[in-house]
Amino acid sequence: MGKFENDAKELLKYVGGRENISAVTHCVTRMRFVLNDPSKAEKNEIEKLKSVKGTFTQAGQFQVVIGNEVSDFYNDFIKISGLDGVSKDEVKDVAKNNMTFMQKLMANIAEIFSPLIPAIIVGGLILGFRNIIGDMKLLEGGTKSLVEVSQFWAGTNSFLWLIGEAIFHFLPVGITWSITKKMGTTQILGIVLGITLVSPQLLNAYAVAGADKIPFWDFGFSQIKMIGYQAQVIPAIMAGFTLVFLERGARKISPSSISMIVVPFFALVPAVLVAHIVIGPIGWAIGSVISKAVYGGLTSSLGAVFAAIFGFLYAPLVITGLHHMTNAIDLQLMAQFNGTSLWPMIALSNIAQGSAVLAMIYLQRKNEEAQEINVPACISAYLGVTEPAMFGVNLKYSFPFFCGMAGSAVAGVISVGSGVMANSIGVGGLPGILSIKPAFMAMFAVCMVVVIVIPFVLTVIVGKKKGIK
């Protein structure tokens, strides 16, 4: 008998039985269900199960938080229910039938950036390390950096840029590939399209502003500027979807006998032309407007207000799924301003939710059953995965969630007010400090203390008034 068979039987009953499950899979910490009738799910009963740390509905899926042993639970559930498990992508496709237009849009954006996040995190850490060895004057009385006094570190700095450049300057290649992969079209065409946006033949995007003369292709009757879109997010997204549209259209009208020749040609060539003539300039303008608006909000006289609102509301955004929009904004800020002030607030919000759970660990220190959920949830949040903390503890009691939001708002104001900036998005918990620009690490550390202390103290005060034990 499996470890979780009893709870699996109960869960099957409380989600409405086998006939109410359209699809089921699992991720790192959660069981993910697409239910034919979501109203049949008995959330209160499900959350009473010993193995369950919380429930929520997101992106058309009813999700049950299990924790790190979710794969074992899933295997027992499949055995008990007699259902065939499916992949996460298949569950997402089925779940979209239960989603609104806005939810579908957010889900699509998330699915585009999700495969890219590991590389972006690595890139952020590399840029941070290069800043430490190349920019911080730590030697000879604070006048020279490691790179300036050591050939080894100078070589290391130069070598690491090979990786950093590949990740960030050539980011459009990853975006166009990810779009074609998600939309089920030819992935190599997406890669080729992305390369044409960042080709060395083009004037580098970072050199456009200071260029005396911009090269161009001369067709006699028309000229097209040879401008690259290194690190540009919006032009790459628009170009990727244009390619998808053209390939699908060409495939519909092309005879199957010649589709191998006709479809790639009439999809890729027009997509590249449109990308450089229309989409590139428009996408660049849109991206600039968005990034300047966010950057302006962060640096204006109302920056503190913007930071307080964002810091307070980021955790609720995670519940709705709208937080995925911040990935594109962060990347656009990095391309335009060589860093992002938005991501540090995201990391601080995650830490704040973990600190609220830390307070619950203290309040419920004699409650062994509660600690089985609290301790792993706290550790997970501090390492950047907040679902067990939010859904297993903070939302269950409600007040820890709001205490965490309050601490996040205060830290956000301090972070923005001090000009804290990250090299890139990174691990969204305590290790996130490694992605902060060295000049701001000390102030970010202060912000980290704020999001540890304030949520902890507030949660303990409110929890004692409520008699939590």
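Helices here are DSSP runs of H or I with at least four residues and strands are DSSP runs of E with at least two, both numbered from the N terminus. With that in hand, asparagine 338 sits in the loop between helix H14 (325-337) and helix H15 (342-363). This is a predicted model, so to speak of local features takes a pLDDT of at least 70, side-chain atom pairs count only at pLDDT 80 or more, and totals for chains, interfaces and linings use all residues. Residues are numbered from 1 along each chain as its sequence is written, and side-chain values use heavy atoms, with hydrogens and water left out.

**Domains and the UniProt record**

- An unreviewed UniProt entry puts the feature "transmembrane region" at residues 105-129, 159-179, 188-207, 227-246, 258-287, 293-315, 399-420 and 440-463. UniProt positions follow the numbering used here, feature names are shortened, and annotations may be inferred rather than shown by experiment.
- In the model, residues 293-315 are 87% helix and 0% strand, with 22 Å between the end C-alpha atoms.
- Residues 399-420 come out at 86% helix and 0% strand, and their end C-alpha atoms are 29 Å apart.

- Strand S1 (residues 21-26) and strand S2 (residues 30-35) run antiparallel and are joined by five bridges; two strands pair if DSSP finds at least two bridges between them.
- S1 and S2 make a hairpin, with three residues between them, and threonine 25 stands opposite arginine 32 in S2.
- S2 is also joined to S4 by four bridges, again antiparallel, with phenylalanine 62 in S4 as the bridge partner of phenylalanine 33.
- Strand S3 (residues 54-58) pairs with S4 in the antiparallel sense over five bridges, and glycine 54 has valine 65 in S4 as its bridge partner.
- Strand S4 (residues 61-65) has five of its five residues buried, so it is largely enclosed by the rest of the structure. Buried means under 20% relative accessible area, exposed means over 50%, and partly exposed is in between (1.4 Å probe, protein chains only).
- Both faces of S4 are covered, with Gln61, Gln63 and Val65 buried on one side and Phe62 and Val64 buried on the other.

**Helix H17**

- Eight of the eleven residues of helix H17 (residues 387-397) are buried, so this helix is largely enclosed by the rest of the structure.
- The buried residues in H17 are Glu387, Pro388, Ala389, Met390, Phe391, Gly392, Val393 and Asn394.
- Serine 398 follows H17 and has a positive phi, near 75 degrees.

**Single residues worth a look**

- Alanine 231 isn't a glycine, yet its phi is positive at about 65 degrees. You'll find alanine 231 in the loop between strand S6 (223-225) and helix H11 (234-253), and at 5% relative accessibility it counts as buried.
- Asparagine 338 is another residue other than glycine with a positive phi, near 60 degrees. At 58% relative accessibility, asparagine 338 counts as exposed.
- Isoleucine 282 belongs to helix H12 (residues 259-299) and, at 41% relative accessibility, counts as partly exposed.
- The C-alpha atoms of isoleucine 282 and proline 235 are separated by 7.4 Å, although the two residues are 47 residues apart along the chain.

**The second largest pocket**

- The second largest pocket holds about 370 Å³ of space. On a 1 Å grid over the protein atoms alone, a pocket is an open set of points with protein on both sides within 12 Å along at least five of seven lines, and lining residues have an atom within 4 Å of a point. Grid points are joined across faces, edges and corners, and the volume is the space filled by probe spheres set on the points.
- This pocket is lined by 18 residues, and Phe4, Ser51, Lys53, Ile66 and Glu69 lie nearest its centre.
- Helix H1 (5-14) and helix H16 (368-382) are the elements that give two or more residues to this lining, and H16 gives the most, with five residues.
- Domain 1 (4-99) and domain 3 (300-466) each supply at least three residues to the lining.
- By type, the lining divides into six nonpolar, six polar and six charged residues. Ala, Val, Leu, Ile, Met, Phe, Trp, Tyr, Cys and Pro count as nonpolar, Asp, Glu, Lys and Arg as charged, and the others, Gly among them, as polar.

Terms used:
On a 1 Å grid over the protein atoms alone, a cavity is a set of points where a 1.4 Å probe fits but cannot get out, and a pocket is an open set with protein on both sides within 12 Å along at least five of seven lines; lining residues have an atom within 4 Å of a point. Domain bounds come from an automatic or database domain assignment.
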